Amino acid sequence: MAQQDNGPMASGVIKRGKKFMVFTLGDDRFAIPLFQVKEVIGPAKITPLPDVPKYFKGLINLRGRIISTLDLRTKLGIPFKEATLKKACIIISELSEIVIGTIVDDVAEVVSIEDTQIERQLDISSKISREYITGVAKFESKPLTILLDIAKVLNVEELASVKKIANKENVA
Amino acid sequence: MKLKQWFSGLRGRLLILVLIPVAALTIVAWIGVKGLIELDQSLDNAGLVRAPKIMSMGEMDSAHNAVIRWLWASKDSDSPTLRKKFLERARGESSSFEKSREHYRTLHHNEKEEANFKIIDEQWNKARGPINEAIELLEKNNKHDDEAARTIMVTAIRSAFEPMEETFESSLQVTTELIKTSLQVEGDRSDQLRSLAISMSIAGGIFVLLFGFFTAARLAKLLGSIAQKIGDSSSQVASAAHQVSASAQQLASGASEQASAVEETSASLEEITGMVENTTRNAETGLQLVEGVKTASERGNQAMTNLINAMGEVLASNKKIEQLVKVIDEIGEKTAIIDEIVFQTKLLSFNASVEAERAGEHGRGFAVVAQEVGNLAQMSGKAALEISGIVKSSIKEAQEIAGNNRSKVEKGNEHVREAGDILKEILKSAETVCAGSRQILSASKEQAAGIKQINTAIDNINKATQETASTSEESASAGEELSGQSHHLAKLVEDLNTVISGHERTSSDDIVLEKRPQTIPHNNLVRLKPVQKAPVHFKKAVGDESESHGQSVGNSEWEKL
């Protein structure tokens, strides 16, 4: 119905760029490759765990499967904003056989981003460490979007500990 | 009481004056009669007691002498007839003695007489035997017997008779003494009676004289004082008459003043009547105005009530607005549900996109659909957000409007209430004013009636004033009359004094009486209007007259009383 009207989207699809899921943390837009996303769910009951890093929020029950969840905002050191927490979504990702939930403020859209749109050489100052950021996507009518590598955001040790916990939980 | 009445006053005094000499006379007469009776008694005593005693005693004396004498005579006579005759005589004397003795015995005696009579009686009893014996002997007519008789006569009879002789003598002496003393006593008594009667008469006379003099003096004094009092009274009456005349004069002037005052009052009353009429008119006008105010305020009150009702309706509609707000709120809630659905749809579209990506080349069409769904969800979300915003602002505005309305209505209600209270007060005041006006009206009407009454009263006062004027005239003439009467009274007093003192009054008094007023000038007594000068003149005339009269009477005439 509105296919012709949504020019950029349609062109994005036609141009066959890589697909990214865009989400927001505070005022900033972030995007992760769509293949890293297994599922997106709404707010769920999180059971907190003792003696874990601050960004490790707890466990959720997703259709009988126990999944560890991280607060990306805490992890990336972005200041916490109460008002934005309402519509929080959890992006479920499968990373080297580890299924993990990442809590974001809001999932905005799914977009195809051409390589031409991505700026790899980053001189832009950002609070987030350069290693997670793969680049910045530019849009004609949208703010800049930071491209994240979720696997890098959660480093190996962390992932191991996460896995351990997850396993422990699963065994229990 | 009656007796007391009889003896009180002049009548009593006169009665006493008559009664005292009568009583004295009665006493004197009684004493005299008593003395006469006593005298009579003592004379009777002398006649009936003493005389028979003396007679009997004398008879006895002569009898016993005669017995002896006849005895001796018979002895001495030789002739038997003579002798017999003499003896008979002796016997006769003897019986005569006894007769006298018996008679004497019956009479009243004193002790001495009794003693003497006892001696005589005894001696006679002693002598009787010898006497009879001598008589018997002498009857025999012989010498021997004669001698014996002589012996008896010499011895027995003589011895018996001798004490008798002495006794007779002493008895006579006693009786004579008694009569003598009795006469002496009677004489003394009659002397006493005489002197008593004389002294009583003199005393009575003196007493009557003194009492009469005293009573006459008292009477004269009494009448004099009465006359004086009458005189005083007449002078007082004269002065009273003068006062009456003066009062009448004052009354007349007062009446004229009163008349002018009444006239002034009448004029003032007319003015007052005008004022009261004005007041009545004003009060009526005021009443009408106030009635108008009352109805206006009542209408205002009604309007206020309507306004209050309207306010209430506004308040009710405000409540409806509030209800509307609730409805809008509900819409907001429903919008939230839509929001949730949109969110879920979005998530669903993302998940669909993820699945399409997994499907690779096969999922490309599905990805487009998912994209479309996501777009729709986003649009829905935007719309829902807009609706939510609109709802929120609507609610806010509605609430604001309702709140404003409420507060305004509340304020309005307050104002309306205040206005209502004010109107009520106005009504109340209007009613009070109305009542006041009515009272003023009724008071004015009453005043009008009162003025009418005052008018009639003033008419009455006018009449009364006229009557007073005529009455004062009458009083003046009455005063004159009184003056004349007091003069007449003075004359009567003079007459009375003449009667009391028994001689004509001195000429000075008469002059005084003749100087009596030429009567009060009747003409200048009472005139209603020109009252200023006459009374002074009148007063002087009356004053002089009464003064001279009073003085003359007081000083000369009554002083003598």
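The model is predicted: local features need pLDDT of at least 70, side-chain atom pairs count only at pLDDT 80 or more, and totals for chains, interfaces and linings use all residues. Residues are numbered from 1 along each chain as its sequence is written, while chains are lettered from A and ligands numbered from 1 in the order in which they are written.

**Chain A**
- Chain A holds 4 helices and 11 strands. Helices (H or I, at least four residues) and strands (E, at least two) are DSSP runs, numbered from the N terminus.
- Chain A has 172 residues, and 33% of them count as buried. Buried means 20 or more other C-beta atoms within 10 Å of the residue's own, with C-beta atoms placed from the backbone.
- Of the contacts in chain A with a separation of 6 or more, 55% join residues 24 or more positions apart. A contact puts two C-beta atoms, placed from the backbone, within 7 Å.

**Lys75(A)**
- Lys75(A) sits in helix H2 (residues 72-76) of chain A.
- Lys75(A) is buried because 20 other C-beta atoms lie within 10 Å.
- Leaving aside residues up to four places away in sequence, Lys75(A) touches Tyr55(A), Leu70(A) and Val153(A).
- Phe56(A) is 19 residues from Lys75(A) in sequence and 8.6 Å away in space, C-alpha to C-alpha.

**Chains A and B**
- The contact pairs 19 residues of chain A with 14 residues of chain B.
- On the chain B side, helix H5 (143-359) and helix H6 (364-501) are the elements that give two or more residues.
- H5(B) supplies the largest share of that side, 9 residues.

Terms used
Buried ≥ 20, exposed ≤ 12 C-beta atoms within 10 Å, placed from the backbone.
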